[in-house]
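Please open the structure in your viewer and keep the selection panel at hand.

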Amino acid sequence: MHESHHVVAPSYLDMTAQEITNDVLERHHSPGNQFWTVAMILGGLFVVGLVGLFMLVSDGFDNKSNWGYYAATFAYVFSLSQTAVLVSVALRMAKSHWRRPLARISEMFAIVGVYSFAMLVPLLWVLPSIEGRRSLWFEWPGNTPHIWDTMALGSLVICGLAILYFASLPDLVTDKEVSGKSDEDVSYHPLIPHWFGTPKHWQLQKIVLGLLGGFYFLMLIIVHMLISVDFAMALIPGWKDAIFPAFHAINGIQASIALIIVTMFILRSTSSLGKYLELEQFWALSKILLATCLLWFYFWWSSFFTYWYGRMPAEIGVLKYIMFETYSTVFLLAFTMCFVIPFLILVVNVVRKTIWGPTLAATVILIGTFFNQVRYYVAGFSVEDHTLHVLENLPDFTSPGPIDFMVIVGGISGAVLTYMLGTRLFPIISIWEIKEGLMLQRVRKFMKRDIRVLAKPE
Amino acid sequence: MATETINHKWGMVIDIDRCTGCQACVVACQAENNIPLNTEDRFRQRRAIEWIRVERYWEGEFPNIKARFIPILCQHCENAPCEPVCPVYATYHNNQGMNVQVYNRCVGTRYCANNCSYQVRFFNFWEPVWPESLKNQLNPDVTVRSRGIMEKCTFNIQRLRKAERVIEGQRGERITDENLKEGNFLPACVQACPTDTLIFGDWNDPSSKISSLKEKHFVDGGRGYKLLDDLGTQPNVIYLKKVDINAEHKVDAHA
Amino acid sequence: MARKSILGLFDNADSAADATDVLLEAGATQDDFDVLTGSPYPEGAFGEKDPVHHIYVFPIIGALMGLTMALVLTAGTQVAYPMVTGGKPILAFPAMTIICYEGTLLGAVLFTIIGIIFESRLPRLRLDPYDARINEGYIGLLVTTEEEKLDDMERALIRGSALEVVHERGRALRG
Amino acid sequence: MQERVRISDSQVNTDLTSSIFESSKLYWILVGFLALVVLCGFTAAGYMFNRGLGVTGLNRPVMWGFFITNFVFWIGISHAGVMLSAILRLVQAEWRRPATRAAEVLTVFSLMTAMTMPLIHAGRPWRVAYWVFPYDWARGIYPNVRSALVWDPSAVFTYLTSSILFVYIALIPDFAVLRDRTTGVPHIIYSILSLGWRGSVRQWKLQIIAGILLSAIILPIFVSVHSIVSWDFGTAMSVEAWHSTVFAPYFVIGAVHSGVSAVVTVMIILRWMFHWENYIRREHMDSLAKLLIVVATAWLFFFALEFFFGLYALEGPEVALRELQVFEAPWKWYFLTFLITSYLIPVPMWLIPSVRRNLWLMAFTTILVNVGMWFERFIIIVPGLMRKQAFVFTWGGYTPSIVEVTIITATFAMVSMLVLLFAKVVPLIPIGDAKEGMILHDEIKIGKVMVPAVMREE
């Protein structure tokens with residue numbers, strides 16, 4: 001961040017718009033065998049996961065503690081996929097130029113949202129009624145969270161898909177024209193025939209994306225709050241932690257940025273589209289990643305510290321349960337992998353300004369985040385009596401059994417598979433945004449050096 | 001010093017069932033501890049200083065209405081919320097289980113008063129004054145607190161120190177309920193209480209009355225309870241419920 | 001041998017930038033000239049060479065020293081005067097963390113400031129040729145070289161369309 | 001960037017140093033008036049020290065009142081400086097340029113004012129010396145590092161020191177300008193202050209690094225300061241309303257909200273007073289307002305968390321407190337005022353572009369925000385203390401005495417006076433920065449239009 005060096009203009013700046021279009025679309029249509037082999041393997045693992053889920057269901061929904069790891073996996077997939085969409089939304093609002101190549105990569109995760117929604121469904125039967133226990137919903141009917149969480153997550157998913165669709169519409173049209181399809185061929189895309197890329201259309205798209213983006217932002221925060229409180233906080237007696245929803249959201253943002261970095265890295269190393277994702281993108285994202293790591297610590301600290309100082313029995317119970325006794329190992333892992341290690345990696349500018357540095361940190365964070373979800377959701381589901389207001393005698397640690405491992409592996413690979421299949425429907429690189437970028441930046445000669453000039457249209 | 005050899009842990013048992021609300025303890029406390037007179041305007045300003053106070057609750061509806069009394073003083077908590085927040089150690093926990101206030105350290109941040117769940121800390125908003133007639137009544141063993149200083153119940157530490165000097169230092173006996181009583185070393189409020197509602201003693205002395213009361217009442221169905229127990233402050237003052245014919249206890253509704 | 005400095009004044013950045021070429025032709029090296037401007041220009045705009053500095057070492061040293069100080073202070077005072085408050089441990093680490101954090105950052109800031117002043121070679125006591133118009137938009141080329149080469153340099157500056165060449169220190173001009 | 005005009009460097013100097021070399025009658029009248037108010041404040045404080053805290057409206061249980069509210073408020077304002085100059089520097093926002101100095105100066109002076117508040121609050125400043133400068137070996141007792149009131153001075157001291165140094169470092173080049181424009185004694189003083197600045201390549205390079213590096217270091221301080229202030233309340237477990245884990249981020253974001261608003265107000269006043277139309281332009285207001293929309297909304301989110309999770313556990317005292325805040329006079333009026341003035345009026349107005357570019361409306365809204373934020377602190381602190389505590393029949397409220405009101409008013413006068421006086425000795429818009437902005441400004445021709453652009457050195 002600090003040391004300045006001479007300008008690095010993205011290499012694709014010296015490609016013409018036409019070249020870029022062809023390049024991306026060509027790759028889009030022929031993913032290569034490697035792609036399908038990976039898809040196969042993931043599919044296999046996904047089936048294993050389904051088997052695991054089936055075994056869970058056959059055990060019945062009454063014994064919550066069985067479902068802890070499933071819940072954790074759901075929370076993991078949900079917060080990663082749904083929050084990843086936010087990255088592109090936020091960056092587009094901030095009009096940052098470097099986002100262009102990675103915008104679609106982030107939006108594509110909206111598709112995984114559908115999958116995470118499917119994962120929610122079984123949990124609705126596991127989640128106990130709120131009668132006689134603390135919950136977000138005070139005196140409402142017992143099954144309130146089941147209904148509202150479903151609706152909230154559902155609308156979030158739909159909104160995400162809408163963003164993905166409208167953001168990639170111009171590219172879909174380009175694709176249709178380049179591959180010379182007729183309107184009938186694309187009849188499954190109702191909007192394509194009506195898009196002519198007139199200034200009016202672009203204006204419209206800008207507005208639609210803006211509105212959807214704003215809505216998505218607010219919705220996402222709310223859903224984070226609902227899921228985290230209904231499925232974790234409310235299940236642990238005496239746990240009243242105002243910052244937890246925000247912490248959950250921050251952890252989601254952190255992890256989803258990490259996820260995008262890793263995706264970018266994979267794309268670079270496995271496909272020719274890597275050339276659009278350059279140091280610039282990694283460097284910029286890694287700065288935000290560093291910030292989120294610090295926020296992770298900050299939010300964790302402010303809840304831990306308040307509890308430590310207050311020392312009420314209820315607070316001590318919670319601290320012991322999810323931090324320092326029952327789930328201490330998991331907590332330590334989460335703490336090291338979500339904060340300590342990535343912080344140490346990213347704080348060094350020399351490392352941050354590489355491809356591998358951020359990628360390494362991102363990988364660590366992705367694993368750490370999973371532990372963090374385990375610490376909350378498994379812990380929550382392992383509590384027997386939710387009507388208590390203080391956690392006197394701590395429940396035992398629920399260690400994952402074979403079924404849990406099947407569910408975790410299957411669940412996650414299912415999500416990845418969904419994403420891969422999504423790339424079949426929409427080009428993974430946003431062509432129109434890169435073209436726009438070409439238009440809005442130049443490399444100029446300034447006295448004795450070259451310098452990059454960025455247009456700031458109001 | 002005797003205090004090192006024998007380790008006391010002072011405490012009190014308050015038997016609500018015996019309290020008649022006569023306020024003798026309040027008066028005794030005022031006299032013993034050089035507490036400035038709580039004139040009417042002091043009460044109006046809500047700046048009255050009463051180290052021990054008797055709160056009164058009405059119970060029931062008119063014809064059969066009952067008055068309930070509960071004497072409240074510093075609970076000398078083991079985990080006192082007021083202690084850690086003081087920037088200058090003006091209040092801390094001494095080795096005899098007492099929450100002590102060091103007047104000449106106090107700088108008057110009033111943070112401790114905010115953080116006391118029992119509202120038993122009092123601030124000298126004004127310089128204390130006594131009418132000429134009362135000048136000679138002031139207790140020489142107790143500091144007169146000037147304005148800007150926080151004060152609270154001390155369990156009459158001056159008397160306990162004296163007890164240690166006399167009983168342990170000179171006679172070399174162990175302090176017991178008896179010799180505390182005959183030597184007039186009990187806190188003024190306890191001494192003044194006509195119905196033995198307030199019982200003072202040493203938790204570390206198994207033979208003391210308060211220890212036996214704790215034995216007796218801190219069992220299922222016993223009358224013993226602590227104020228605001230869910231805060232985990234672990235008071236050294238414990239209460240015994242009122243024995244009520246129609247067994248409903250407004251008092252422990254608060255606890 | 002004695003090195004002396006002269007200052008060529010230019011009324012616009014481009015001619016100053018071109019003048020540096022003339023200087024190089026005239027046998028000056030990049031170390032011999034420095035560009036004085038009234039505002040920061042993008043690096044390398046004058047083809048000047050990038051100055052080396054070790055500013056990033058300073059905050060790290062400062063942070064470490066600050067941390068140690070704070071640690072000693074907090075831990076020391078609690079151990080030296082062990083008084084139990086609110087049933088908290090004598091060495092209450094979470095509470096200490098806060099003051100340690102402040103101490104660390106304070107140290108870092110103080111050392112960064114020292115570092116910046118030191119690395120920008122301030123305060124400047126040796127008096128080079130200077131002209132107040134530099135702050136009014138002129139560009140100054142400060143050439144420092146052996147006395148006998150000075151005349152060539154001066155000629156080079158003139159050739160490089162310098163408005164004038166200052167030898168002695170400039171006077172303040174009325175605002 | 002419509003109303004941008006090219007200005008020669010020496011014109012820039014003349015304009016931006018006008019506050020120093022020319023002084024209108026109005027200026028001196030204003031300063032004189034403010035000085036008078038400050039004098040009244042000192043008199044009131046002296047009277048209070050002499051008579052004792054009885055002359056305030058404080059009582060039991062409301063032991064903290066106007067002074068602490070005001071302390072928190074000014075600490076909040078002081079967060080403007082770093083928020084703007086640090087964060088905007090780090091993200092290389094061009095429109096930060098005219099705002100930074102004013103913001104930093106505001107930081108310094110509001111911090112100084114804030115520091116006086118606890119001293120006055122304690123009623124006997126000569127004793128408080130023990131606590132702020134505690135290490136007198138004679139007493140052999142050190143401050144209790146477990147107390148939030150010891151963290152406060154350490155944090156504020158750190159913050160004050162670093163922001164003063166930050167301001168000074170950024171001032172060196174401007175001192176050089178003043179040195180070259182003055183004669184006689186001022187010339188000597190400015191020469192000393194400018195440390196013989198020459199504007200050499202190395203000096204400018206480090207000047208720029210200094211900006212970024214110091215920002216990066218001060219940012220964590222800035223977050224910690226208000227967090228620690230919030231823990232004055234958050235750690236007080238006996239006051240249900242205060243003991244909330246979300247307080248730290250809630251206070252910090254609130255501080256940014258009020259701080260940035262204050263900077264906008266100050267900038268508008270400066271623009272009007274010293275005719276800096278060419279430097280403080282409408283587009284800056286526009287960007288600041290957009291920033292404020294985001295900040296305000298984030299703040300509202302944390303406020304919602306704080307309020308909602310207060311009720312979450314449905315504990316008697318907490319619920320009683322919320323009722324007190326929202327339904328009982330006078331608190332309900334304060335509550336309403338605070339919510340309306342700090343969010344419900346300003347934010348919808350900022351959403352309208354024409355409002356964002358209207359100086360009158362911007363001044364109006366930003367002042368409203370700070371009215372609201374003052375009340376926010378007030379209704380957190382005082383009703384929190386008037387809690388319906390068991391075993392206490394003194395549930396009284398709190399009405400400030402004339403003494404308190406006078407002192408509070410004086411603090412506002414003091415900050416404004418100090419800022420104005422400072423404008424007499426240094427330019428409140430960084431001259432070098434303004435010039436750099438003009439060098440880096442550029443335009444790109446897209447089709448038929450010239451789009452404003454900026455050169456960007458990565």
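How many bridges join E9(B) to strand E10 (residues 237-240) of chain B, and do they run parallel or antiparallel? Two bridges join E9(B) to E10(B), and these strands run antiparallel. Helices (H or I, at least four residues) and strands (E, at least two) are DSSP runs, numbered from the N terminus. The model is predicted: local features need pLDDT of at least 70, side-chain atom pairs count only at pLDDT 80 or more, and totals for chains, interfaces and linings use all residues. Residues are numbered from 1 along each chain as its sequence is written, while chains are lettered from A and ligands numbered from 1 in the order in which they are written.

Select B:Tyr225 next; its bridge partner in E10(B) is B:Tyr239. Then widen the selection to the open sheet of four strands, ordered E8-E1-E10-E9 in chain B, where the pairing is mixed. Two strands pair if DSSP finds at least two bridges between them. Strand E8 (198-202) and strand E9 (224-225) of chain B are the edge strands, each pairing on one side only.

Move on to chains C and D. Their contact (C-beta atoms, placed from the backbone, within 7 Å) takes 54 residues from chain C and 57 residues from chain D. On the chain C side, H3(C) gives the largest share, 14 residues.

Finally, select chains B and C, whose contact takes nine residues from chain B and six residues from chain C.

Terms used. Two residues are in contact if their C-beta atoms, placed from the backbone, lie within 7 Å.
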